[in-house]
Amino acid sequence: MKKIVIYGALVTLLFSAVCLFIEPWCALPCLLLGGFVTGIFLYYTKKRIDKLSELNNYLSLVCSGNFDLDIADNTEGELSILKNNLYKVIILLRSQNEQLKKDKTYLADSLADISHQLKTPLTSMMVMTDLLKQDGNPDKQTEFINIMESQLDKMKWLITNLLKLSKLDAGTAEFKKESFSVKAVLEQSIKPFLVTLDLKGITFTDNVEDFVIKGDDNWTAEAFENIIKNCIEHTDKDGELTISTQITTLYDSVTIQDNGSGITAEDLPHIFERFYHGKNASSDSVGIGLALAKTVFEKENGCVTVRSRENEGTTFEIRFYKSII
């Protein structure tokens, strides 16, 4: 600013001196005009410097982690364009910062849940080990070993499914995009539960009309298995399990329905959340099977919904849309 004043004064005095020698009465207007132009230039230069200083302060605050700034400016000019672009960058950084906080919270909660799930079978096996050392009764030893095997199977299932979920979240899972028959996949999914259905006396009704979807048949079969497993766990003896399909112009769907204990209204919005335990959940439930199923179906452009009433049963509907907009 001092340089502008000095240069402006020198130029004004120089031209005023020239005018004084050429025509004395012109010197005063030249002097006044030079002072006016210099003043106007100083005014706009100061405004420009103030705006740049304001932007610099904004950026300093952003660097310190303060994203709660609003520098939106819809006026014209290159500085306004710069301010708007900086505002967009700040919004993007703020969104990323919030997402990172959510990810950290989710990771901490997940680790706590995983630790809790693993702690129970580990504690049980430690107790069984101590009892095995103290009790020499072969019958008791066999009973304890069976309990330990059961807990090991539970841990294996939990760790395997957690790894699968992690791979799906990270996008590192091998996920094919091939056309396959939904009827064949459903037959594959129900097969591991045929003995359980027979032992519980659950009537299974197959109303499947075949159609073709595009995705990974192995992952899809596992997703269906988790939903079927959930239905069987919540169905009492002599209950019913029905799998049916529907083909429309917009989508093809698979419906898996039981007449078991159902899901309470409070639990219904949360059943696809990881590690969530509803009121009617079994003691062996971990709470990741339905979350895994939902993740798989979403990767195949599918949508899974649930309708349920307590003591009246539950209906899962999985829709595979024929075109995605």
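Angles under 35 degrees count as roughly parallel, those over 145 as roughly antiparallel, those from 65 to 115 as roughly perpendicular, and the rest as oblique. The model shown is predicted, so that local features need pLDDT of at least 70 and side-chain atom pairs count only at pLDDT 80 or more, while totals for chains, interfaces and linings use all residues. Residues are numbered from 1 along each chain as its sequence is written, and side-chain values use heavy atoms, with hydrogens and water left out.

**View 1. The crossing of helices H5 and H7.** Helix H5 (residues 182-190) and helix H7 (residues 217-233) have axes that come within 8 Å and cross at roughly 50 degrees, and the two helices are therefore oblique to each other. Here helices (H or I, at least four residues) and strands (E, at least two) are DSSP runs, numbered from the N terminus, and axes are lines fitted to C-alpha atoms, for helices over the stretch in contact, with angles running from 0 to 180 degrees between N-to-C directions.

**View 2. The buried residues of H5.** Val182, Val185, Leu186, Ser189 and Ile190 are the buried residues of H5, where buried means under 20% relative accessible area, exposed over 50%, and partly exposed in between (1.4 Å probe, protein chains only). These residues pack against several elements, including strand S1 (178-181), helix H6 (194-200) and H7, contact meaning heavy atoms within 4.5 Å.

**View 3. Glu273 in its loop.** Glu273 lies in the loop between S5 and helix H8 (289-299), and at 38% relative accessibility it counts as partly exposed. Not counting residues up to four places away in sequence, Glu273 touches Gly287 and Ala291.
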